[in-house]
Amino acid sequence: ITIFSKQALLETDNLNITLLDTPGHADFAAEAERVMPALDCAVVILSATDGIQAHTLTLWKLLERYHVPTFLFINKMDLPATEKDKLLSDLQSQLSAGCLDFGGDFEEIQEACAMCDEALLESYLETGEVTVGNIQGLIAGRKVFPCCFGSALKNQGVAELLEILDSYMPEKH
């Protein structure tokens, strides 16, 4: 359990990432809020068995207040009674309709992203194309929140999460 904010460095093909691990417990909300202005993006880790908790909603509102592009990793998907479709539906109804499963192929991701922006949908219907830049813009504008499902303990979905970050993290200007 993280009590104080800690940092770690990691690299992907395209990014040098400084990971700031902040407390997820409500008693340490101030620690999490202190790092918000410094974030380029956030990765919220949710337990598939616990789902969206009250403090998750608090953190979500803080991320919204600070306009932090957000990715989600739904952990513990290896445990019994975890239903991906139900979890995604809960995320969409309680956090944002823009919570999208980025585990599919690029065409599925393009189509789902196009549905989150009227102008992009119009363009997509005309051209059949949504670019990586379009998707990064939706993430930067907090219209899309890429979701990745896995089990950190079993190293399932972790590489996929890093690939999603590497491909879709909005560029800072």
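Cys 99 has Phe 145, a residue of strand E6, as its bridge partner. This pairing belongs to a predicted model. Strand E6 covers residues 145–149 and is joined to E5 by 3 bridges, the two strands running parallel.

E5 and E6 are part of an open sheet of 4 strands. Read across the sheet, the order is E3-E4-E6-E5, and the pairing is parallel. The edges are taken by strand E3 (42–47) and strand E5 (99–101); each has a single partner strand, so one side of each is left without a neighbour in the sheet. From one strand to the next, the twist averages 30 degrees.

A helix lies across these strands. Helix H3, made of residues 84–94, lies across E3, strand E4 (70–75), E5 and E6. Relative to E5, helix H3 runs at about 155 degrees.

Rolling a probe the size of a water molecule over the atoms shows where empty space is left. The second largest pocket has a volume of about 170 Å³. Its lining consists of 13 residues, and those nearest the centre are Phe 102, Gly 103, Cys 148, Glu 160 and Ile 164. Which element gives the most to the lining of the second largest pocket? Helix H7 does, with 5 residues. By type, the lining of this pocket divides into 7 nonpolar, 2 polar and 4 charged residues.

Conventions. Residues are numbered from 1 along each chain as its sequence is written. This is a predicted model: local features need pLDDT of at least 70, side-chain atom pairs count only at pLDDT 80 or more; totals for chains, interfaces and linings use all residues. Side-chain values use heavy atoms; hydrogens and water are left out. Two strands pair if DSSP finds at least two bridges between them. Axes are lines fitted to C-alpha atoms, for helices over the stretch in contact, and angles run from 0 to 180 degrees between N-to-C directions. Contact means heavy atoms within 4.5 Å. On a 1 Å grid over the protein atoms alone, a cavity is a set of points where a 1.4 Å probe fits but cannot get out, and a pocket is an open set with protein on both sides within 12 Å along at least five of seven lines; lining residues have an atom within 4 Å of a point. Grid points are joined across faces, edges and corners, and a volume is the space filled by probe spheres set on the points. Ala, Val, Leu, Ile, Met, Phe, Trp, Tyr, Cys and Pro count as nonpolar, Asp, Glu, Lys and Arg as charged, and the others, Gly among them, as polar.
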